[in-house]
Amino acid sequence: MYEKIQETASWLRERMPARPTTAIILGTGLGQLASEITDTTEFPYKEIPNFPVSTVDGHAGKLIFGKLGGRDIMAMDGRFHYYEGYSMKEVTFPVRVMYELGINTLFVSNAAGGMNPSFKIGDLMIIDDHINFFPEHPLHGKNFPTGPRFPDMHEVYDKQLRDLADEIGREKGIRLMHGVYVGVQGPTFETPSEYRMYHLLGGSAVGMSTVPEVIVAHHCGMKVFGISVITDLGGFDVPVEVSHEEVQQAANASQPLMAEIFREMIRRCN
Ligand code: HPA
């Protein structure tokens, strides 16, 4: 595994145009931000040695190097989901490569089902914390020397970055909610009872990604910031049907606001 990570990192190092310290992972239907990156050099996943290949609609599947908010960044347009059949090692492989390339700050985005009664479809939720409901742990097995065997998890989502996002939201009049992201394996959306259960357990939104990558990033000592786009609502009195297309549409509509927050944060941090 370690050799593969090294091999991929050196392949990219020989080809990447700059040495970014910030990376972004774009979630379902949230790839529009990619079009705002300038001076781009792109690598489709299928061309990168050892990279898994993404299979879901709405995931372009490429690594982009370029500039955003006046800084060098790298972005994953399309991520690898556990429900697609990838192992946790594959899902988190790109984050390990990022670490080898010198990334110290990771921005993640996802589409999620809102369970907090004050949420509306299209809301942006700053992830304050998460609950890991995946059946396999991304750090299962021999410990990587990037971090301790038993990592502390008391502040996985960097408080300063969350505060910065709030400041930008206030300035720009963007409604920003806060909450706890529950990471589940999918691919089923939740039953009404499951939404209610996750909410009772302390979750504000539920989705099928993010937690594995964030755990590995945290284990590598990266600062992490995450936003969930609330694309559907569950657990309320009237059960609402949800489809992948609706999730993509709702994510689409909120993309410009999320892009604005990310861009402005990148401009102002470091
Ligand atoms: N549940 C799980 N994953 C999701 C949801 C949901 O309601 N919406 C978008 N991704």
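Contact between helices α4 and α7 (heavy atoms within 4.5 Å) involves Leu161, Leu164, Ala165, Glu167, Ile168, Gly169, Glu171 and Lys172 of α4, which meet Glu260, Ile261, Glu264, Met265 and Arg268 of α7. The residues of this contact comprise 6 nonpolar, 1 polar and 6 charged; Ala, Val, Leu, Ile, Met, Phe, Trp, Tyr, Cys and Pro count as nonpolar, Asp, Glu, Lys and Arg as charged, and the others, Gly among them, as polar. The model is predicted, with local features requiring pLDDT of at least 70 and side-chain atom pairs counted only at pLDDT 80 or more, whereas totals for chains, interfaces and linings use all residues. Residues are numbered from 1 along each chain as its sequence is written, and side-chain values use heavy atoms, with hydrogens and water left out.

Helix α4 spans residues 159–172 and helix α7 residues 244–268 (helices are DSSP runs of H or I, at least four residues, numbered from the N terminus). Their axes lie 10 Å apart at an angle of about 120° (axes are lines fitted to C-alpha atoms over the stretch in contact, and angles run from 0 to 180 degrees between N-to-C directions).

Tyr2, Lys4, Ile5, Gln6, Thr8, Ala9, Leu12 and Arg13 of α1 make the contact with Phe93, Arg96, Val97, Glu100 and Leu101 of α3. The residues of the α1–α3 contact divide into 7 nonpolar, 2 polar and 4 charged.

Terms used
Helix = DSSP H or I, 4+ residues; strand = E, 2+ residues; numbered from the N terminus.
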